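Here's a quick walk through this structure, chain by chain. Have a look at the sequence and the model first, then read on.

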Amino acid sequence: MYRYDEFDETIVRERIDQFRGQVARRLSGELTEDQFKPLRLMNGLYLQLHAYMLRVAVPYGTLSSGQLNALADIADRYDKGYGHFTTRQNIQFNWPALVDVPAILDDLAAVEMHAMQTSGNCIRNVTTDQYAGAAADEIEDPRPWCEAIRQWSTLHPEFSFLPRKFKIAVTASATDRAAVRVHDIGLQMVRDADGAAGFRVIVGGGLGRTPYIGDTLRDFLPKEHLLSYLEAILRVYNEQGRRDNMYKARIKILVNALGIDAFRNLVEEEWGRLDKHGVDLPTEETARIAAYFAPPVFNGDAGATIEGVAAAAPPHERAAFERWLKINTAPHKTPGRRIVNVSLKPIGGAPGDATSGQMRAVAHLAHRYGADEIRVTHEQNLCMPHIAVADLPAVWRALDAAGLATANIALASDIIACPGLDYCALATARSIPLAQQIATRVAAREGGEETLGELKIKISGCVNACGHHHVGNIGILGVDKRGEEFYQITLGGSAADDAAIGERVGPALPTSGVLDAVDALLDVYQARRAPGERFLDAYRRLGAEPFKEALYDHADA
Amino acid sequence: MITLTLNDGAVRAGADAPAETTFADWAAGGYGTPAHGAALVLANDLDLSSVDPRANFSLFGEIIVHVPTFKDGRAYSQVRRLREQYGFDGVVRVRGDVLRDQVQFMARVGVTAVDVADDAVGGVKESARDFSVFYQASVRQYGADRAGPIWRRRAARALAA
Amino acid sequence: MKAVTGNDLRAGGVVYLAPDGGWTPDLARAAVFEDAAADAALSAVSPRAVAHAYLIDVVVDGETVRAAGRTVRRETIRRDGPTIKTDWRDARL
């Protein structure tokens, strides 16, 4: 993974000094809260319901064991012994004191981490496929390009006071695990007719109050021009994005107002005009960055298979181990290796939370078995991308002992949920307790949730949609009705290659009604699905009607 | 209010500021030659992506951009265009709601002077030196830093090693 | 009736304006104001002590003070902390 040189380190250290000064100016009264707020947000510091919340950047979701251990130490020393992994592949601490934040930033800098631009109206942490560098179907590892974007966007002199926040996601696989169609800019690595690698550039996707699936701005951008093209898009947005209404200030609103063709003309004109030589990386710099992402050397048994290790498991463990292998691990591009997903969705737990002990357990496993690499996934789990197949039994046992081996990746209880009204100052309803109840309910269904196959349930506690409810196969939006929590259900959304915004199916339901509604939806699906058909595909084939009927008949009864 | 010049820290009293012409008035007059020493004032929402070919900014020695609230970042792109797209070589002065934490960003897109309250000069000068290294190129030599993008420094260091 | 609340600037914790002019983490001990006096109490808050001060609706219930009105759920969660059960968190590690 990328390592700081003296320049990267200096920038992070100078940013901490700057922030320490900003905190001192706030405490002395030189800065008002209105002035301090955007400054602290640009360094990831929120004020939530109960306390400050610090969002630490995990650039493109990649962590080393040492970094994860440092996060565990911060959780113990400055927080309450746990952290919360987010849909932007970052981690949040829910309880730091303002006066401690500069010291936390010092601890982060010691392991080459920071909290820059994890909030605010600037270019946020770039996200990517959690399987990057390990997936069999990728064109090339997208992370060197993510690192290039990280550096280009960090403290950008022109684009640090944008109309609104700006999120970029990158994937290099045919299978989109980074939700590139619902980002301000989505970059999908593709090859042109001559086999050269470049990017399909997608713009104007997003969730929030006004969800849009992004449009293709350019079918093929030669990869060496990535940064100058991004610069052109950002300049058009900085100048033309709306600033009169924060709810209409995202780039998706601008793209939609102008139309994709007119927007493309502006970007291409700008791109043609700007000085690319001062922005695009020369091949030496691209190679310098890429060298940090060289695939880890594998000296293990290339002939080991998961069938083999499963067959060798003791009889009393075999069924559970096989189930975990099937659901929580994925093929690696190197024979003899496997990608291991670490579920942060224990049945009844808070989605995405990990205790300091759990962080240390994963850090230890990655160090011992996993080339020192951990990834954070946008679905709020962790991932160890490089595990030798022969080590899977040991890894599984250790994860299980730490409460991290729930076999539910991409199943119904693998729920994305925002922090909701339990933590968030913007929320209108709670999310996590509902996720806990739904997970408990679906896991208890006859035959277990495995029989339901892939099913994405996503819960947001307000219209800002941090829980991605618009793109849940079953999406749930919390609303406040005269002081009571109600939940609006949408169906048929997807954040993957077949991205779609879910359809609202009827009036909002009270909490108890939501649990019964989920059961009713799953009953319809199980009764009417074709063999092997996913919930999403069954919904698309059958349409909303049978599901609506079940929902509201049930609610009326 | 006084005007602080960013590259040398010199200050100019408000009373010594030049006379001003708005872009709208200049346009209405057919982009003619301004009164000697006049400064051109650009509205914050003026689109500089393309202007009338007769608009020769270099007829002015000083251009003033306006920041209505510190959260509004349009002026940064305006200044960059003045420097890069139109080759404007004179003074670019920022007026309005500016936090001292923003001054170094401004210098890096080509701002050379900023209007500040008399008692804010020390803090602004200090913040204008917050960073010594930048990932991106700064607009030519107008800012406090004279370096190109970071990869040029890396290449130079690699060559020296 | 109203109370003044906010977050302690340095630590971030939830606090309420107390009758002695100081701040307390205990809503039951908060100063209670008639609507007209509440605005004056809010505008007198020192921004160096508390971030994001605002007024909440409360009722006086015997010896104690409770949140009331439209934001009662939010303010009850602010007073008591997250409602999430955490037994799963202690189960293994």
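## Ground rules

Helices here are DSSP runs of H or I with at least four residues, strands are runs of E with at least two, and both are numbered from the N terminus. For a helix, the expected span is 1.5 Å times one less than its number of residues.

This is a predicted model, where local features need pLDDT of at least 70, side-chain atom pairs count only at pLDDT 80 or more, and totals for chains, interfaces and linings use all residues. Residues are numbered from 1 along each chain as its sequence is written, while chains are lettered from A and ligands numbered from 1 in the order in which they are written.

## A helix in chain A

Let's start with H12(A), which covers residues 356–369. The helix has 14 residues, and its first and last C-alpha atoms are 20 Å apart, close to the 20 Å expected at 1.5 Å a residue.

A residue counts as buried if 20 or more other C-beta atoms lie within 10 Å of its own, as exposed with 12 or fewer, and as partly exposed in between, with C-beta atoms placed from the backbone. H12(A) is largely enclosed by the rest of the structure, because 10 of its 14 residues are buried. Among them are A:Met359, A:Arg360, A:Val362, A:Leu365 and A:Tyr369. After the helix comes A:Ala371, with a positive phi near 55°.

## The five-strand sheet

Chain A also has an open sheet of 5 strands in the order S1-S2-S5-S4-S13, with antiparallel pairing. Two strands pair when DSSP finds at least two bridges between them. The edges are S1(A), residues 45–47, and S13(A), residues 353–355, each pairing on one side only. From one strand to the next, the twist averages 30° (axes are lines fitted to C-alpha atoms, for helices over the stretch in contact, and angles run from 0 to 180 degrees between N-to-C directions).

S13(A) and S4(A), the latter at residues 82–85, run antiparallel and are joined by 3 bridges.

## Chain C on its own

Chain C has 3 helices and 5 strands, which follow the pattern β-β-β-α-β-β-α-α along the sequence. Its C-alpha atoms fill a box of roughly 50 × 30 × 20 Å along the principal axes. Of its 93 residues, 32% are buried.

Two residues are in contact if their C-beta atoms, placed from the backbone, lie within 7 Å. Taking contacts in chain C between residues at least 6 apart in sequence, 51% join residues at least 24 apart.

## Who touches whom

Which pair of chains has the most contacts? Of the 2 pairs that touch, that's chains A and B. Chains B and C share no contact, and their closest C-alpha atoms are 19 Å apart.

On the A–B side, 32 residues of chain B are in contact with 32 residues of chain A. H2(B), H3(B) and H5(B) each supply at least two residues of chain B's side, and H2(B) gives the most, with 6 residues. That side splits into 13 nonpolar, 8 polar and 11 charged residues (Ala, Val, Leu, Ile, Met, Phe, Trp, Tyr, Cys and Pro count as nonpolar, Asp, Glu, Lys and Arg as charged, and the others, Gly among them, as polar).

For A–C, 27 residues of chain C meet 33 residues of chain A in contacts. Strand S4(C), helix H2(C) and helix H3(C) each supply at least two residues of chain C's side. H2(C) has the largest share, 5 residues.
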